[in-house]
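Please open the model in your viewer and keep the selection panel at hand. The tour below goes from the whole chain to single residues, and each stop says what to select.

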Amino acid sequence: MSPDGIRNIVGIIGNIITLGLFLSPVPTFLKIWKMKAVEDFSPIPYLATLLNCGLWVFYGMPFVHPNSILIVTINGVGVVLESLYIIMFFIYGTKKLRLKMVMILLAEVVFMVIVILVVMLSTPSFGIRTKIVGTLCIVFGTIMYGSPLSVMGLVIRTKSVEYMPFYLSLASCLNGIDWTIYGFIHFDIFVVLPNGLGALLGLTQLVLYACYYKSTPKKTGEPRGELELPTTAPTTR
């Protein structure tokens with residue numbers, strides 16, 4: 001099989017894993033829908049993931065980085081899903097929370113417009129466009145994948161994995177590995193760097209889970225916390 005064929009297969013697998021990560025908050029939003037209130041859940045991870053996905057969609061456009069359709073498709077799905085999650089916060093959030101979200105969304109829209117205008121009007125070559133948008137994707141993708149660090153610190157302090165779901169950590173690790181491989185086949189540093197970091201952080205979460213699983217108090221009922229992961233995607237995820 002040709003490198004292009006292998007790359008497409010790896011990318012399709014990555015799309016499936018990333019979709020699973022994008023859908024992981026669904027139980028949270030079912031809970032919000034049943035309670036008709038967002039309670040202490042924060043919209044920030046979803047707002048941040050929305051911007052991250054938007055940047056990756058732009059990165060994968062034919063006039064920025066050709067032959068990146070799999071990056072565009074999964075992050076386009078991410079934009080739609082994150083938008084739906086954010087709408088739920090608007091429906092069930094407080095007036096103060098809605099105002100805060102509007103301000104953040106406006107800032108994100110302004111930022112995206114500036115990026116698009118600067119890239120399209122001042123950079124005539126694919127190479128320069130790829131470097132500018134790719135660098136932004138690395139920055140925001142790294143922030144996305146770095147978000148579980150606080151949860152990992154909590155696990156170490158409490159010697160409990162109550163707040164770090166195993167399957168989400170496993171999916172995050174596999175997602176990072178898959179997209180890192182994808183980026184290596186036709187070497188793309190802007191895909192490799194953030195997803196390589198994501199794979200490393202995901203593996204670290206799994207190691208912590210193995211270390212502290214036995215010391216975690218066994219409790220009945222639903223877990224009190226959740227690990228919110230952006231899916232970058234690729235970090236794309």
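This is a predicted model: local features need pLDDT of at least 70, side-chain atom pairs count only at pLDDT 80 or more; totals for chains, interfaces and linings use all residues.

Residues are numbered from 1 along each chain as its sequence is written, and side-chain values use heavy atoms, with hydrogens and water left out.

Switch to a cartoon view, where the protein chain shows 9 helices and 0 strands (DSSP runs numbered from the N terminus, helices being H or I of at least four residues and strands E of at least two). Of the 237 residues, 46% count as buried (buried is under 20% relative accessible area, exposed over 50% and partly exposed in between, with a 1.4 Å probe and protein chains only). Among contacts (heavy atoms within 4.5 Å) between residues at least 6 apart in sequence, 82% join residues at least 24 apart.

Next select Gly11, which is found in helix H1, residues 3-23, and is buried, with a relative accessible area of 0%. Leaving aside neighbours within four places in sequence, Gly11 is in contact with Leu70, Trp179 and Tyr182.

Move on to Glu82 in helix H4, residues 69-92. Is this glutamate, Glu82, buried or exposed? Glu82 counts as buried because its relative accessible area is 3%, and, residues up to four places away in sequence not being counted, Glu82 touches Phe22, Tyr46, Thr49 and Leu50.

Then select Val192, in helix H9, residues 189-212, which is buried at a relative accessible area of 9%. Beyond its neighbours within four places in sequence, Val192 is in contact with Thr180, Gly183, Phe184 and Phe187; the C-alpha atoms of Val192 and Thr180, 12 residues apart along the chain, are separated by 4.7 Å.

Finish with two cysteines, Cys173 and Cys211: Cys173 counts as buried at 5% relative accessibility, whereas Cys211 counts as exposed at 52%. The structure holds 0 disulfides, a disulfide being a pair of cysteine sulfur atoms within 2.5 Å.
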